Amino acid sequence: MTQILLRQDHTGQCLSFGQYCDAGGFEALRTALGGMSPNDVQQAVIDSGLRGRGGAGFPTGKKWSFVPRNLPGPRYLICNCDEMEPGTYKDRVLLEQNPHILIEGMALTCYALGVEHAFIFVRRGYEQAAANLRTAIGAAKQAGFLGSDILGSGFSLQLDIHQSAGRYICGEETALINALEGIRANPRVKPPFPAVKGLWGQPTVVNNVETLANIPAIIAHGPTWWKGLAATPEAAGTKLFCISGHVRNTECFELPLGTPLGKIIDGPCGGMRPGSTFKACIPGGASTPYFTREHWGVAMDFDPVAKAGSRLGTGGIIVFDQNTCMVAATLNLTRFYARESCGWCTPCREGLPFLVHTLEKIEQGLGTESDPDILREHVHALNYAFCALAPGAMGPVEGLLRLFEDELREHITKGRCPFGD
Amino acid sequence: MPKLIIDNIPVEVPEGTNVLEAARSIGIVIPHFCWHPALGRAGACRACAVKMLDGPVKGLQMSCMLPAQDGMVVSTTDAEAMAMRRSVIEWLMINHPHDCPVCDEGGECQLQDFTIAGGHGIRRYDGRKRTYNNQYLGEFIAHEMNRCIQCYRCVRFYQEYAGGTDFGVMGRAAMVYFGRQSDGPLESPFSGNLVDICPTGVFTDKTARFRARYWDYDMAPSICPHCSLGCNITPVARYRELLKVVARRNDRVNGWFICDRGRFPKANVNALDRPRQPLVDGKATSWDEALDALRERLNGFLELNGTQSLAIIGSPRMSMEGNTMAARLHKLLDTGKICYFSDSVHAGQTLEAVASLTPDNAASQEDVRQADLVAIVGSDLLAEAPMMALAVRQAWRNGAPVYVVGEETSTLFEYVAVASLSDIPLAEAKHPVLICGTNHVGSDIIDTAARNKAKLSFILDGPNAFGCALLSQEYGATPLSEAVASGKIKGLISFESDLTLELPAGIRVLAAADCRKTPLLSRAEIVLPSSAWVEMDGTFINNEGRAQRFKQVMEPGLPIKGLDPAGHPPRLHRNTPPGGEVLPTWRIIAKITERLGSEWIEDPLSDQWERLRELDAEGEGISVV
């Protein structure tokens, strides 16, 4: 099993610049600047089938192709490191171990897109990651991989870190752009999409950390090799899965994309904790509908997971055992989203607190027969919110209604939570 | 022009119209809060859901966000769309207090209307409502944040449209707060528009708080008399008291908004000690006696001094009706002078400015908003005509550069200060507008504008200064200072005049008509109380030569709070309310001419002004340039 992001020999400590270079780091950048045109780099990414690792799974090469090449003025690349989805910590693990791979990936991307100024938007709490990035940028600059006229190619790149003031909504790409510009982090109207009109009105590509970190391997080893790292012919590359919940090993693993859910839990996760049996899991971060035992065999790749009624999302798997109250779990997640709404649109700002209130009532045993209808209406209506936050928040609620309606009704008929306090 | 079908009705709308506006154009009002014609789309409230049945876009869509396109088939009554709208209203009403009975907005509240329209009746939410602390925002605007439905209109108007910086949005999620960093008066000279633009009762007019309901209002379309721009307004009165003023839409003039200076001053109308009864030598009397006294004294004066020693004084703040009647009195008596302006330099400049305007080059406020270059010469717009500054800001927001010759203190737009007119690249613009203060009118400006095909806008002194300039030409009027300097004038009759010069003691003020207590009135032998502009119909001609009709809003009379409680219940039973004996100035002049033996004049607009008789108060006005 080949790993390209978290090298097998990682020690849990941050890779030094020298170690990274010794292990073949920045070779991809040398290759690209030495003989590939920007279009070649973009074509390689398109051929690799790389899909965005930030949650939506949009094909990366396609996203790049939306950038108009003939507009005057600068273009920008922003690395989205505002990782705030509950259950997701892959970017932190990656950057705490190997910030250099992101810098190389961004340099390659900027070369492909003709970007001369790029930003890394780092989550408020990721102090260590930001510190590592700062050191890594300094080292890369010293070595001539950043700055002006990189490796004598004429290509220049300035890379800046912006530490977020901290809110979940800043992970939404247009809200992120607003935050970076120093204004309120409300999402923007789309279209125009950032690829056409983004940061300061210029074409801007926003990519996730993990997405960009995959670029060096695609360039260094070729798209076919990279694509073949996956577990199924349809999938492409590897994926960071970050595990939490009632399993033995709650760590971040780099696994072939398309590895079946059961194999992840029984394999690297080491199975359930003693005394626990698998009840359900969140497959891809807090905004994805639950999986149960019946989804054990689903290949953890974008399309198969979507077909099974959920989303691969960020690959943040949260496992619940038999003693977990799914109403309480859903309530917990919904509280997060209600708190993190930016307050711009009505469904999100008012609908989520209404849902929290309803779920609280049900969990406290005060629910009524009509409360599931309120949940159901919201699952539908919140799809028409301004951005993807509210529809995402409906993932767990939709899963609760579809998979655990009996448990929900039991709360109401018994007038208490069947799992106790 | 896209053609689409809305609720089975085919409709064709201009390019760029959204589906919500397209529906409005055929009388279908889709509930909406955040969308506003002047502010555009925001997509925040999600109340305007419609179902797209066929065409380029399908499914449930927010109609304000969707530009109308060919082939769209829209249903506003689709069950899913109606369910969505009901949900949105239910969400908004979760936290909205049930305080309509004590809310000034009640009865004219968009939230009330759309709650009903949205079909939400029974509230299912049974938790606690969210509450906020209110702020002190000054003496004009009351703040009641609990009523807020977070449509973001206020902050979009205040910051984006009007360039204010001391009011904004704070917090996030369900605790979004619209206010200032701390208590204090709102700084924007356009803050009063928050009252108009808020779809519910967060911002209400403090000066009219708890005074009346919508269905109690006396109101009529009117024109603001506070500067020369002629912004359209709707004054609101009850019980003979002017309560408040709200903006009235006129896309060519003020658009949707007005300035605070036009909105809040009401003292001149409501003043208890305003002239309300005719006075002869300071003693209250009846109209008949006052007019008889005037006839006698006038005859005596004319016998002694001759007609050439009498001057009739009109005023740029008086309606066209009053000013034309003043001219007719001047003709009738063949008096030496008719004066509309006090100062000769100022009068000359105003006349030159007015004469230079043509139907092609006169710039309306809308022309300014649409300009691609604005040059301001010698005018502090925020001080002289605030709404013009706001119009310039809209041009600037659309990318037009602004150049300023001379002093300009406005912070509403960025500008390039230049030394002279020739430094402004007017020739590079397609739709340039030159805005000029009256004191700087000169042939250089007029010639420069003509050479560059720039439109012109002059800021004049008074709501009818334009009309006075036209009448000055028509009747060969003399500025008062000149008339006085000639030494021939020994007496005058003044109508609503604000004289800026000291009258020599030897000049008699035979009579003065006004609705305000002016220094001239205290010198007048006969005082003739006239109606305020809200108490009569009339016409103003604004700075671009646009004649606009204002209608009578209220019956004149002493406001109830001015009545002596000892006089209650009234023992005198009359048809006129107490203090209601004032007359429009033009009618006072008609009465004077009748006393002097002429026929009674029923309509003051005669000759070339007859075309203004049919002026529609709710139209865009008629150009007289």
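## Close-up views of a two-chain predicted model

**View 1**

**View 2. Helices α9 and α15 of chain B pack together.** Here α9(B) meets α15(B), the helix of residues 465–475, at an angle of about 20°, and their axes are 10 Å apart. The pair therefore counts as roughly parallel. The crossing of α9(B) and α15(B) is right-handed. On the α9(B) side, look for B:Met320, B:Asn323, B:Thr324, B:Ala327 and B:His330; on the α15(B) side, for B:Gly467, B:Cys468, B:Leu471 and B:Tyr475. Five residues of this contact are nonpolar and four are polar, with no charged residue among them.

**View 3. Helices α15 and α16 of chain A pack together.** Moving to chain A, α15(A) and α16(A) have axes 10 Å apart and pack at an angle of about 155°. The two helices are therefore roughly antiparallel. Their crossing is left-handed. From α15(A), the contact takes A:Pro347, A:Gly351, A:Leu355, A:Thr358, A:Lys361 and A:Ile362, and from α16(A) it takes A:Asp371, A:Ile374, A:Leu375, A:His378 and A:Ala381. Sorted by class, these residues are six nonpolar, three polar and two charged.

**View 4. Chain A meets chain B.** How many residues does each chain bring to the contact? Chain A gives 25 residues and chain B gives 22 residues. On the chain A side, the elements that give two or more residues are α14 (326–340), α15 (346–363) and α16 (371–381). The largest share of that side, eight residues, comes from α15(A). In the side of chain A that touches chain B, 13 residues are nonpolar, five are polar and seven are charged.

**View 5. B:Arg393 is a buried arginine in helix α13 of chain B.** You will find B:Arg393 in α13, which covers residues 386–397 of chain B. Why does B:Arg393 count as buried? Its 25 C-beta neighbours inside 10 Å are the reason, as a residue needs 20 or more to be called buried. Leaving aside residues up to four places away in sequence, B:Arg393 touches B:Gly163, B:Leu412 and B:Phe413. Another arginine to find is B:Arg369, 24 residues away along the chain, with a C-alpha atom 7.6 Å from that of B:Arg393.

**View 6. Chain B is divided into four domains.** Domain 1 covers 3–93, domain 2 covers 125–270, domain 3 is made of 285–346 + 466–623, and domain 4 covers 362–453. Taken over C-alpha atoms, the centres of domain 3 and domain 4 of chain B are 35 Å apart.

View 7. Most residues other than glycine have a negative phi, and most peptide bonds are trans. In this view, the bond from A:Lys190 to A:Pro191 is cis, with omega near -10°. The bond joining A:Pro191 and A:Pro192 is also cis, with omega about 0°. A:Pro191 lies in the loop between α8 (173–181) and β4 (204–208) of chain A, and A:Pro192 is placed in the loop between α8 and β4 too.

**View 8. A:Asp149 and B:Arg46 each have a positive phi.** A:Asp149 has a phi near 50° and lies in the loop between α7 (127–142) and β3 (158–163) of chain A. B:Arg46 has a phi near 60° and belongs to the loop between α1 (19–25) and β3 (49–54) of chain B. Which of the two is buried, and which is exposed? A:Asp149 is exposed, with 10 other C-beta atoms within 10 Å, whereas B:Arg46 is buried, with 31 C-beta neighbours inside 10 Å.

How values were computed. Residues numbered from 1 in each chain as written. Chains lettered and ligands numbered in written order. Predicted model: local features only at pLDDT ≥ 70, side-chain atom pairs only at ≥ 80, totals over all residues. Contact = placed C-beta atoms within 7 Å. Helix = DSSP H or I, 4+ residues; strand = E, 2+ residues; numbered from the N terminus. Nonpolar A, V, L, I, M, F, W, Y, C, P; charged D, E, K, R; others polar. Buried ≥ 20, exposed ≤ 12 C-beta atoms within 10 Å, placed from the backbone. Domains from an automatic or database assignment. Axes fitted to C-alpha atoms, helices over the stretch in contact; angles between N-to-C directions. Parallel < 35°, antiparallel > 145°, perpendicular 65-115°, else oblique. Left-handed = near helix turned anticlockwise from the far one by under 90°.
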